[in-house]
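This briefing goes through selected local features of one protein model, grouped by topic. Please keep the sequence and the structure in view while reading.

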Amino acid sequence: MSDPTGVVFPLDPTSGRRSTTATGRAVVADALRGVDPVGAASAERETNWRQGYLPHFRRLVEAGLTSPEAAHDIARGGLASLHERMHWAGPAGEQPLESAFLDPAAPAHPTASEATGRHTAAEPLGCETVHGAGTPDRLLSVPYAGERLSGEALRRRLDLWVQAGTLEPTCAEAVRLVVDNPDWLDLSDRTVVVLGAAAEMGPLRSLLRWGADVAAVDLPRRDLWDRLLGDTRRLAGSITVPVRSGDGPLAARAGADLVHDLGAVTRWVAGLAGPLVLGNYVYADGETNVRVSTAVDALTQQVVRAKGREDVALAFLATPTDVFAVPGADVERSVDSYAHRRTSKVLRVPLRTVSGGRLLRRSYVPGQDPGVNDSVVLQQGPNYLLAKRLQRWRATAYRAEGGLVSFKVAPPTRTRSVLKNRALAAAYAGAHRFGVEVFEPGTANTLMAALLVHDLRTGSPALAAPWQDEAYAAVHGGLWTCAYDPRSALGIAALLGIASAR
């Protein structure tokens with residue numbers, strides 16, 4: 001680990017190093033312990049966590065299906081374990097994570113700010129607001145295939161997506177409600193805090209187009225803020241940003257580092273007026289993803305304590321490349337597609353034979369309700385899955401406590417982070433051959449923003465079981481309904497994608 005300050009993994013007492021493997025394995029075991037002690041012991045005994053992590057993350061989902069209480073216990077156990085194990089490393093040395101909030105004058109980098117321009121916690125963050133010059137858009141429109149779809153055209157596209165198995169019928173119903181209630185796009189009654197403001201999948205530009213007041217947090221990088229502030233000035237909403245002291249242009253002073261300036265950012269967010277929507281859209285590569293996701297979760301707890309649950313709604317986007325329990329209707333559709341797929345008699349049998357059964361497997365055992373869909377891409381690794389599971393656990397726990405949560409499974413999307421992985425980019429290029437639609441970022445983030453509006457306006461009531469809350473209005477791109485286990489078709493999709501690109 002190259003940066004041992006701020007929110008950090010704990011030191012392994014045996015090796016003296018910060019081990020993401022030891023921490024991830026222990027957190028999964030702790031989450032399972034109260035519900036599935038056999039599964040917890042199995043996770044603890046896993047000697048090759050980087051390659052063998054998947055069955056244990058799957059078990060987290062399966063063990064939570066026995067009852068809502070089991071799912072709640074897993075979520076709370078996982079959250080408690082991660083918060084207990086992750087540390088805060090500042091000038092006073094390595095301390096419990098809570099220490100990040102105790103001393104306003106204790107930055108993680110006590111001497112680095114002058115040299116690097118990084119804000120330190122000794123300097124309270126200020127606020128500056130930029131107002132857009134545009135007119136608020138009160139018509140929901142979604143960019144798709146070179147057009148902007150609204151009204152009846154958008155309703156027809158939703159119907160087509162449902163018919164193709166690209167998204168859940170509840171998603172189409174939710175978006176139709178937003179179409180039918182254009183006044184819902186006026187979010188002037190609350191501030192939407194967008195953590196990870198520059199994220200391609202985030203709702204920032206849609207919210208600004210609709211005239212919302214957004215509080216935006218992202219890294220202090222001038223190029224990033226030049227782009228975000230420029231977009232704001234052209235659109236209709238306002239953006240409030242954390243700023244460091246100084247006389248330079250706003251883009252050079254804006255932004256904050258959640259991993260290293262956690263206390264300062266938390267105080268800044270807690271000081272925002274009015275009801276908040278706390279939107280978690282952060283992402284980073286490798287182990288930093290866990291560190292920044294932990295920072296956001298710790299911030300979330302502090303802000304809820306400061307403002308009260310009634311004044312803080314939480315919003316999350318889940319990755320489709322994870323393990324989810326899915327409705328029986330998706331299982332039926334997949335089973336039927338497997339039985340009637342054209343490749344069933346031509347390619348499936350010989351491919352399964354030569355691969356030892358690894359290729360083109362069926363996704364589900366017929367009759368499962370719910371089924372368990374495993375769309376994990378192994379190359380993304382256990383740190384990625386732990387960071388995303390942390391967000392799922394917080395959504396489950398907060399909803400159980402009576403808080404308002406908007407948690408949505410986002411579609412597979414051609415984001416920059418995906419396309420820089422050549423194997424995954426090739427697989428996405430060939431995914432349509434297996435009934436999976438990969439979305440463009442503009443389509444995906446606008447659709448997700450519309451679902452956020454729906455949840456804020458309808459209250460997003462908790463369903464009978466946490467797995468149903470996660471599946472509600474999911475936009476899985478067809479990963480839940482396709483004929484084959486997604487990972488068993490990934491390699492073939494990649495080969496077909498490379499071929500079509502050539």
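**Surroundings of His56**

Leaving aside neighbours within four places in sequence, His56 is in contact with Val28, Leu32, Ser42, Ala43, Glu46 and Trp49. The model is a predicted one. His56 belongs to helix H4, which covers residues 54-63. With a relative accessibility of 5%, His56 counts as buried, because the cut-off for buried is under 20%.

**Aromatic pairs and clusters**

- A pair of aromatic rings is described by the distance of the centres and the angle of the planes.
- For rings whose centres lie within 6.5 Å, the count comes to eight aromatic pairs.
- One of these is the pair of Tyr53 and Phe57, which is edge-to-face, with 5.9 Å from centre to centre and 85° between the planes.
- Tyr53 is buried at 1% relative accessibility, and Phe57 is buried at 1%.
- In the pair of Phe324 and Trp480, the ring centres are 5.7 Å apart and the planes stand at 45°, so this pair is tilted.
- Phe324 is part of strand S12 (residues 323-326), while Trp480 sits in the loop between helix H20 (466-471) and helix H21 (486-501), so the pair ties together parts that are 156 residues apart in sequence.
- Phe324 counts as buried at 0% relative accessibility, and Trp480 is buried with a relative accessible area of 0%.
- One aromatic cluster is made up of Trp49, Tyr53 and Phe57; Trp49 is also among the residues in contact with His56.

**A charge over a ring**

- Arg157 lies over the face of Trp161, and the distance from the ring centre is 5.4 Å.

**Packing of H1 against H5**

- Helix H1 (residues 20-33) packs with helix H5 (residues 68-85) at an angle of about 145°, and the two axes are 7 Å apart.
- The crossing in which H1 passes H5 is right-handed.
- On the H1 side, the residues of this contact are Thr23, Ala26, Val27, Asp30 and Ala31.
- On the H5 side, they are Asp73, Ile74, Gly77, Gly78, Ser81, Leu82 and Arg85.
- By type, the residues where H1 meets H5 divide into five nonpolar, four polar and three charged.

- Pro10 is found in the loop between strand S1 (6-8) and H1.
- At 15% relative accessibility, Pro10 falls in the buried class.
- Not counting residues up to four places away in sequence, Pro10 touches Arg17, Arg18, Ser19, Thr23, Arg85, Met86, His87 and Glu94.
- Among these, Thr23 and Arg85 also take part in the contact of H1 with H5.
- Pro10 and Glu470 are 460 residues apart along the chain, and their C-alpha atoms are separated by 31 Å.

**Helix H12**

- Helix H12 (residues 262-270) is mostly covered, with seven of its nine residues buried.
- The buried residues of H12 are Leu262, Gly263, Ala264, Val265, Thr266, Trp268 and Val269.

**Backbone geometry**

- Most residues other than glycine have a negative phi, and most peptide bonds are trans.
- Asp369 and Pro370 are joined by a cis peptide bond, with omega at about 0°.
- Pro370 is located in the loop between helix H15 (343-354) and strand S13 (371-374).
- Ala145, a residue other than glycine, has a positive phi near 50°.
- The loop between strand S5 (141-144) and strand S6 (147-150) holds Ala145, which is exposed with a relative accessible area of 71%.
- Ala473 also has a positive phi, of about 60°, although it is not a glycine.
- Ala473 is placed in the loop between H20 and H21, and it is buried with a relative accessible area of 0%.
- Trp480 lies in this loop between H20 and H21 as well.

**Val38 in H2**

- Val38 is part of helix H2 (residues 37-45).
- At 54% relative accessibility, Val38 counts as exposed.

Terms used: Residues numbered from 1 in each chain as written. Predicted model: local features only at pLDDT ≥ 70, side-chain atom pairs only at ≥ 80, totals over all residues. Heavy atoms only, no water. Phe/Tyr/Trp six-rings, centres within 6.5 Å; stacked < 30°, edge-to-face > 60°. Buried < 20%, exposed > 50% of the residue type's maximum accessible area, 1.4 Å probe, protein only. Helix = DSSP H or I, 4+ residues; strand = E, 2+ residues; numbered from the N terminus. Lys NZ or Arg CZ within 6 Å of the ring centre and 35° of its normal. Axes fitted to C-alpha atoms, helices over the stretch in contact; angles between N-to-C directions. Left-handed = near helix turned anticlockwise from the far one by under 90°. Contact = heavy atoms within 4.5 Å. Nonpolar A, V, L, I, M, F, W, Y, C, P; charged D, E, K, R; others polar.
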